[in-house]
Amino acid sequence: MKEIKLLISALICSVIFSCHSNDKEKATNEEMQDSTASAGISSDSAKTIINQSMIWTVDDENPKKEQLKKPVNTIPGTFSTADVIQLINENFPGIQMELIKVSNDTVYVKIPNATRLTQEIGNTGAENYFASATFTLTDMKNIKYVNFALQPGDHAEPGVFSREDFKRLR
(Lines give C-alpha, C1' and ligand atoms only; values in the text may rest on other atoms or scores of the structure.)
Protein backbone atom coordinates (compact mmCIF):
# COMPACT_ATOMS: atom_id res chain seq x y z
CA MET A 1 0.00 0.00 0.00
CA LYS A 2 2.86 2.40 0.86
CA GLU A 3 4.48 1.59 -2.48
CA ILE A 4 1.28 2.52 -4.34
CA LYS A 5 0.99 5.83 -2.44
CA LEU A 6 4.65 6.54 -3.11
CA LEU A 7 4.21 5.68 -6.79
CA ILE A 8 1.10 7.88 -7.07
CA SER A 9 2.89 10.74 -5.27
CA ALA A 10 5.87 10.40 -7.61
CA LEU A 11 3.54 10.34 -10.62
CA ILE A 12 1.69 13.46 -9.45
CA CYS A 13 4.98 15.26 -8.79
CA SER A 14 6.31 14.37 -12.23
CA VAL A 15 3.07 15.55 -13.89
CA ILE A 16 3.17 18.84 -11.98
CA PHE A 17 6.88 19.29 -12.71
CA SER A 18 6.48 18.54 -16.41
CA CYS A 19 3.53 20.95 -16.73
CA HIS A 20 5.42 23.65 -14.87
CA SER A 21 8.59 22.98 -16.87
CA ASN A 22 6.65 23.22 -20.15
CA ASP A 23 5.19 26.57 -19.09
CA LYS A 24 8.67 27.91 -18.38
CA GLU A 25 9.95 26.60 -21.70
CA LYS A 26 6.95 28.06 -23.52
CA ALA A 27 7.39 31.41 -21.75
CA THR A 28 11.11 31.39 -22.57
CA ASN A 29 10.35 30.59 -26.22
CA GLU A 30 7.79 33.42 -26.36
CA GLU A 31 10.26 35.83 -24.75
CA MET A 32 12.90 34.83 -27.29
CA GLN A 33 10.46 35.37 -30.15
CA ASP A 34 9.46 38.77 -28.74
CA SER A 35 13.06 39.86 -28.32
CA THR A 36 13.93 38.62 -31.80
CA ALA A 37 10.97 40.44 -33.31
CA SER A 38 11.86 43.64 -31.51
CA ALA A 39 15.63 43.45 -31.78
CA GLY A 40 16.88 46.92 -32.49
CA ILE A 41 13.41 48.39 -32.15
CA SER A 42 12.99 51.26 -29.79
CA SER A 43 9.83 53.05 -28.77
CA ASP A 44 11.27 55.88 -30.80
CA SER A 45 10.71 55.10 -34.47
CA ALA A 46 13.35 57.63 -35.40
CA LYS A 47 15.88 55.26 -33.96
CA THR A 48 14.50 52.25 -35.75
CA ILE A 49 16.84 51.30 -38.58
CA ILE A 50 15.96 48.49 -40.94
CA ASN A 51 18.70 48.89 -43.56
CA GLN A 52 21.23 51.28 -42.20
CA SER A 53 23.90 50.29 -44.68
CA MET A 54 22.87 53.06 -47.13
CA ILE A 55 21.45 55.81 -44.94
CA TRP A 56 22.95 58.16 -42.42
CA THR A 57 21.96 57.29 -38.86
CA VAL A 58 22.36 58.94 -35.48
CA ASP A 59 24.40 56.93 -33.04
CA ASP A 60 22.61 57.50 -29.77
CA GLU A 61 24.55 55.05 -27.61
CA ASN A 62 25.72 58.01 -25.54
CA PRO A 63 22.83 60.53 -25.39
CA LYS A 64 25.20 63.32 -24.35
CA LYS A 65 27.31 62.78 -27.45
CA GLU A 66 24.98 61.76 -30.26
CA GLN A 67 26.73 61.61 -33.61
CA LEU A 68 25.77 61.08 -37.19
CA LYS A 69 27.20 57.89 -38.61
CA LYS A 70 28.11 57.68 -42.26
CA PRO A 71 26.50 54.76 -44.09
CA VAL A 72 28.57 51.66 -44.76
CA ASN A 73 27.55 51.64 -48.44
CA THR A 74 27.03 54.64 -50.66
CA ILE A 75 23.76 55.04 -52.49
CA PRO A 76 24.17 53.63 -55.99
CA GLY A 77 24.24 56.21 -58.77
CA THR A 78 21.29 54.38 -60.35
CA PHE A 79 19.03 55.27 -57.42
CA SER A 80 16.52 58.03 -58.11
CA THR A 81 15.40 60.52 -55.49
CA ALA A 82 12.20 58.48 -55.14
CA ASP A 83 14.29 55.35 -54.46
CA VAL A 84 16.22 57.13 -51.72
CA ILE A 85 13.00 58.41 -50.15
CA GLN A 86 11.60 54.88 -50.22
CA LEU A 87 14.75 53.66 -48.46
CA ILE A 88 14.33 56.33 -45.77
CA ASN A 89 10.63 55.44 -45.41
CA GLU A 90 11.50 51.76 -44.94
CA ASN A 91 13.87 52.73 -42.16
CA PHE A 92 11.35 54.99 -40.42
CA PRO A 93 8.01 53.21 -40.92
CA GLY A 94 6.11 55.60 -38.63
CA ILE A 95 7.09 58.61 -40.74
CA GLN A 96 6.34 58.45 -44.44
CA MET A 97 7.82 61.06 -46.74
CA GLU A 98 6.60 61.76 -50.29
CA LEU A 99 8.58 63.36 -53.08
CA ILE A 100 7.11 66.62 -54.41
CA LYS A 101 9.90 67.62 -56.80
CA VAL A 102 13.60 68.23 -57.26
CA SER A 103 14.54 71.75 -58.28
CA ASN A 104 18.13 72.93 -58.71
CA ASP A 105 19.94 71.89 -55.51
CA THR A 106 16.82 71.21 -53.40
CA VAL A 107 14.61 68.18 -52.84
CA TYR A 108 11.03 69.09 -51.92
CA VAL A 109 9.21 66.49 -49.83
CA LYS A 110 6.04 66.34 -47.78
CA ILE A 111 5.09 64.28 -44.78
CA PRO A 112 1.29 64.04 -45.05
CA ASN A 113 0.77 62.41 -41.65
CA ALA A 114 3.46 63.91 -39.44
CA THR A 115 1.93 63.14 -36.04
CA ARG A 116 4.62 60.61 -35.16
CA LEU A 117 7.33 63.13 -36.03
CA THR A 118 5.73 66.25 -34.57
CA GLN A 119 4.00 64.94 -31.45
CA GLU A 120 5.34 61.54 -30.41
CA ILE A 121 9.12 61.17 -30.68
CA GLY A 122 10.26 64.30 -28.91
CA ASN A 123 12.59 67.08 -29.99
CA THR A 124 15.65 64.85 -30.18
CA GLY A 125 13.86 62.15 -32.16
CA ALA A 126 12.58 64.74 -34.65
CA GLU A 127 16.02 66.33 -34.99
CA ASN A 128 17.59 62.90 -35.51
CA TYR A 129 15.02 62.06 -38.20
CA PHE A 130 15.59 65.35 -40.04
CA ALA A 131 19.37 64.88 -39.78
CA SER A 132 19.25 61.33 -41.10
CA ALA A 133 16.90 62.21 -43.97
CA THR A 134 18.80 65.41 -44.85
CA PHE A 135 22.23 63.79 -44.87
CA THR A 136 20.96 60.79 -46.85
CA LEU A 137 19.23 62.94 -49.48
CA THR A 138 22.14 65.37 -49.76
CA ASP A 139 24.43 62.43 -50.52
CA MET A 140 22.81 62.53 -53.95
CA LYS A 141 24.67 64.42 -56.66
CA ASN A 142 23.99 68.19 -56.73
CA ILE A 143 21.55 68.13 -53.78
CA LYS A 144 22.36 70.52 -50.92
CA TYR A 145 18.98 71.22 -49.31
CA VAL A 146 15.82 69.35 -48.30
CA ASN A 147 12.55 71.27 -48.01
CA PHE A 148 10.18 69.44 -45.64
CA ALA A 149 6.46 70.28 -45.88
CA LEU A 150 4.39 69.07 -42.92
CA GLN A 151 1.84 70.19 -40.34
CA PRO A 152 3.81 71.81 -37.51
CA GLY A 153 3.63 70.32 -34.04
CA ASP A 154 5.28 70.46 -30.65
CA HIS A 155 8.54 68.79 -31.75
CA ALA A 156 8.92 69.57 -35.45
CA GLU A 157 7.84 72.07 -38.05
CA PRO A 158 8.30 72.53 -41.79
CA GLY A 159 11.50 73.99 -43.10
CA VAL A 160 14.51 73.80 -45.37
CA PHE A 161 17.51 71.91 -44.00
CA SER A 162 21.10 71.44 -45.08
CA ARG A 163 23.98 69.58 -43.49
CA GLU A 164 25.00 72.82 -41.78
CA ASP A 165 21.86 72.66 -39.65
CA PHE A 166 23.12 69.58 -37.84
CA LYS A 167 26.60 70.64 -36.69
CA ARG A 168 25.76 69.37 -33.19
CA LEU A 169 25.62 65.82 -34.51
CA ARG A 170 28.99 65.85 -36.28
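Analyst: A start with burial: buried means under 20% relative accessible area, exposed over 50%, and partly exposed in between (1.4 Å probe, protein chains only). This is a predicted model, in which local features need pLDDT of at least 70 and side-chain atom pairs count only at pLDDT 80 or more, while totals for chains, interfaces and linings use all residues. Residues are numbered from 1 along each chain as its sequence is written, and side-chain values use heavy atoms, with hydrogens and water left out.

User: What percentage of the 170 residues in the chain is buried?

Analyst: Buried residues account for 34% of the 170.

User: How many helices and strands are in the chain?

Analyst: Helices (H or I, at least four residues) and strands (E, at least two) are DSSP runs, numbered from the N terminus. Here the chain has four helices and six strands. Read from the N terminus, the order is α-β-β-α-β-β-α-α-β-β.

User: Which order do the strands of the open sheet have?

Analyst: Strands of a sheet pair through backbone hydrogen bonds, either parallel or antiparallel. Two strands pair if DSSP finds at least two bridges between them. In this chain, an open sheet of four strands has the order 3-4-5-6, and its pairing is mixed.

User: In which sense do strand 4 and strand 5 pair, over how many bridges?

Analyst: Parallel, over five bridges, between residues 106-110 of strand 4 and residues 145-149 of strand 5. Strand 3 and strand 4 run antiparallel, and five bridges join them. There, V102 is partnered by V107 in strand 4. These two strands form a hairpin with two residues between them, and N104 in the turn has a positive phi of about 55 degrees.

User: Where does helix 2 lie?

Analyst: Axes are lines fitted to C-alpha atoms, for helices over the stretch in contact; angles run from 0 to 180 degrees between N-to-C directions. Contact means heavy atoms within 4.5 Å. Helix 2 (residues 81-91) lies across strand 3 and strand 4, at about 145 degrees to strand 3. Helix 4 (residues 122-137) also packs on the sheet, where it touches strand 5 and strand 6. Its direction makes about 135 degrees with that of strand 5.

User: What is the count of salt bridges?

Analyst: A salt bridge is a side-chain nitrogen of Lys or Arg within 4 Å of a carboxyl oxygen of Asp or Glu. The count is six. Take E120 and R116: their closest N and O atoms are 3.3 Å apart. Both residues sit in helix 3 (residues 115-120), four residues apart, about one turn of the helix. E120 is partly exposed at 48%, whereas R116 is buried at 17%.

User: Which parts does the pair of R168 and E127 tie together?

Analyst: R168 and E127 form a salt bridge (2.7 Å, N to O). R168 lies in the segment after strand 6 and E127 in helix 4, so the pair ties together parts 41 residues apart in sequence. R168 is partly exposed at 44%, and E127 is partly exposed at 24%.

User: Where do R163 and D139 lie?

Analyst: R163 lies in the segment after strand 6, and D139 in the loop between helix 4 and strand 5, so their pair ties together parts 24 residues apart in sequence. Their side chains meet in a salt bridge (2.6 Å, N to O). R163 is partly exposed at 25%, and D139 is partly exposed at 37%. Salt bridges that share partners also join E66, E127 and R168 into one network.
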